[in-house]
Amino acid sequence: MKIELHEISVRDVVNGYIDSAENGVVGYGGRLNIRPAFQREFIYKDRQRDEVIKTIRKNFPLNVMYWVQSDNGGYELLDGQQRTISVCQYVKGEFSIEHMAFHNLTQDEQAQILDYPLMIYICEGTDKEKLDWFKIINIAGEQLTAQELRNAIYTGEWLTEAKRYFSKTQCPAYQIAGDYLAGSAIRQNYLETALKWISARDGMEIEDYMSRHQHDTNCNELWLYFQGVVNWVRATFPKYRREMKGRPWGEFYNKYSGNSYDPKRLETRIVELMEDDDVSDNKGVYEYLLSGDERPLNIRAFTPKMARAAYERQKGICPKCGKHFEIGEMQADHITPWSRGGKTIAENCQMLCADCNRRKSNR
């Protein structure tokens, strides 16, 4: 990987500065992507913003900033977004310091700011090298999410298209699946979720998927897959409940969409499970109905008092193997399994030795 230190004047960075809000911020004659489209916007507090300008006016050094060179000859700003935007906003007259805006300064004072050299490290290298480097320099300052780090590396037409679907306020992903997704579009949670699901389907990591598709001209595969997941969820569980939000629906789709389910029977069972006092985690109802695995339900355990009563009733004898154990060597178990209607009540509690309980659970 090649990393070189450059001195680039404020004048050059401010040239072509355009802030298009969610559609991104650019500068350096349009060649520097200061804030990629739909990436969350960091806003300095007034004091921090003012200190940047005061530092420049005193000719004190600002901390170095980091750019990465893109394949098309442009640049992505990796670190220094707030400082760069603060300088550009001041020169463009968007705020003043102590009642002095940029246009209130003398020509010499303006020239001193415009000629101030910003210290910029520019990086060239493979995607993996740039991602590793970005993770290191992102340790300090405003922390980016894992997906924002990936977006800074795997730029291109494919990512731009993906952001239009998944990374904008009121984006299409929000319109069709906002009730099912956790997080926010602007923080890249929706995009990361969709990528996690489709990557798992293909048996790869998100970085592998983004690298493979970085230079595609569209993100049709991702968007069509995502719509397929949402349509399957709605068809399988037509009645929406708040417990459905944030479930890993894409992972369920990958594993179970080939199975046949009766939505009406599922709905009846959902009502029963939601009313079952033994079900401690209602969010796990959906995975249980798809997989048959009781663990996501977090079935209520017998209380220590119930376990002690059963132990005394059995006189410490395991009913399966007939051997005597101390209470700490035994485990509370449902006589009639929960899946067959057995409740977590004292009358349905028995104490089994660990080995017998394991054997029963494995059947």
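This is a predicted model: local features need pLDDT of at least 70, side-chain atom pairs count only at pLDDT 80 or more; totals for chains, interfaces and linings use all residues.
Visitor: What makes E1 and E7 a pair of strands?

Guide: Two strands pair if at least two bridges are found between them. Eight bridges join E1, residues 2–9, to E7, residues 117–124, so E1 and E7 count as paired. The two strands run antiparallel, and Ile8 stands opposite Leu118 in E7.

Visitor: How do you know that E5 also pairs with E7, and in which sense does the pairing run?

Guide: The requirement is again at least two bridges. E5, residues 65–69, and E7 have four bridges, so they pair, and the sense is parallel. In this pairing Val68 stands opposite Cys123 in E7.

Visitor: How many helices and strands does the whole protein have?

Guide: The secondary structure comes to 16 helices and nine strands.

Visitor: Why is the protein called more spread out than a compact globule?

Guide: For 363 residues the globule rule gives 21 Å, whereas the radius of gyration of the protein is 29 Å. The value is well over that of the rule, and therefore the protein is described as more spread out than a compact globule. Along its principal axes, the C-alpha trace spans about 95 × 45 × 40 Å.

Visitor: What makes a residue count as buried, and what percentage of the residues are buried?

Guide: A residue is buried if its relative accessible area is under 20%. Of the 363 residues in the protein, 45% are buried.

Visitor: How many side chains are positive and how many negative?

Guide: The protein has 49 positive and 52 negative side chains. The centres of the two sets lie 7 Å apart.

Conventions:
Residues are numbered from 1 along each chain as its sequence is written. Side-chain values use heavy atoms; hydrogens and water are left out. The radius of gyration is taken over C-alpha atoms; the globule rule is 2.2 Å times the number of residues to the power 0.38. Buried means under 20% relative accessible area, exposed over 50%, partly exposed in between (1.4 Å probe, protein chains only). Lys and Arg count as positive and Asp and Glu as negative; His and the chain ends are not counted. The place of a charge is taken as NZ of Lys, CZ of Arg, CG of Asp or CD of Glu.
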